[in-house]
Amino acid sequence: MNVETDFRSNRFQRQEDLVPRDRMAELTVTVIGVGAIGRQVSLQLAAVGAPRLQLIDFDVVDPTNITTQGYWAADLGRTKVEATAKTIRLLDPAIVVEVVQDRFRPRMEIGQSVFSCVDSIDARSAIWRSAGPRCRFWCDGRMLAEVIRVLAVDEQVGRDHYHTTLFVQAEAQPGRCTSRSTIYTASVAAGLMVHQFTRWLRGLPVDRDTSLNLLAGEWAAC
């Protein structure tokens, strides 16, 4: 058996009972925003076997993104979507990656599953109004310093609740949600989001609203 055949035969062996490959194969997954949380979400989705990923972001990599978002020094000055796509292709060249170097626009085609990883309430609200009704699974990740909030929506759960979390931007805590961040908080947030995605793939109920304060050791989910 050559290396490529061995890779294809064994790559998913340890997660087969946790991530249904047959359901995953049907999906295109859209990640809107590939900053702190979105970069980690994209790489985790690639690792668990998402066959088609759409990455949407207008930004370029700057020095602070090396520390807080997991980009490489060689990525400086590149667009975040291209830099993330390159890493995904190194992980598995069979994954189809569509890069969109732009802000999300209402008329954009999206996948059946959407991960909202933007850094303002106004942007979340605008994206939800357009993309929310068109997707089967939605997950929104928010963080500030060491506090995380993950909201999930599927065909049965979360739609009535999610819109109540889209308060007016003026009521939000001052500063963008990534103004204080660490790579480990982003990685935990991404893991919680991908976990909700795999619950949905398995036909399990998703948690519509999960909060985790790493510093205080406080966890709440509903």
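Okay, so what you have here is a predicted model, where local features need pLDDT of at least 70, side-chain atom pairs count only at pLDDT 80 or more, and totals for chains, interfaces and linings use all residues. Residues are numbered from 1 along each chain as its sequence is written, and side-chain values use heavy atoms, with hydrogens and water left out.

Let's start with the pairs. There are eight aromatic pairs in the structure, meaning rings of Phe, Tyr or Trp (its six-membered ring) with centres within 6.5 Å; planes under 30 degrees apart are stacked, over 60 edge-to-face, and the rest tilted. One of them is F137 with W200, stacked at 5.4 Å centre to centre and 25° between the planes. F137 sits in strand 5 (residues 137-144) and W200 in helix 8 (residues 183-201), so this pair ties together parts 63 residues apart in sequence. Helices (H or I, at least four residues) and strands (E, at least two) are DSSP runs, by the way, numbered from the N terminus. F137 and W200 are both buried, that is, under 20% relative accessible area with a 1.4 Å probe, protein chains only.

Next up, W138 and Y162: edge-to-face, 5.7 Å between centres, 70° between planes. What about burial? W138 is buried at 0% relative accessible area, and Y162 is buried at 1%.

Back to W200: ring pairs link F115, F137, F197 and W200 into a cluster. The charged end of R23 sits over the W200 ring, 4.7 Å from its centre (CZ of Arg or NZ of Lys within 6 Å of the ring centre and within 35 degrees of the ring normal). And R103 lies over the face of F58, 3.9 Å from the ring centre.

Definitions and conventions. Buried means under 20% relative accessible area, exposed over 50%, partly exposed in between (1.4 Å probe, protein chains only).
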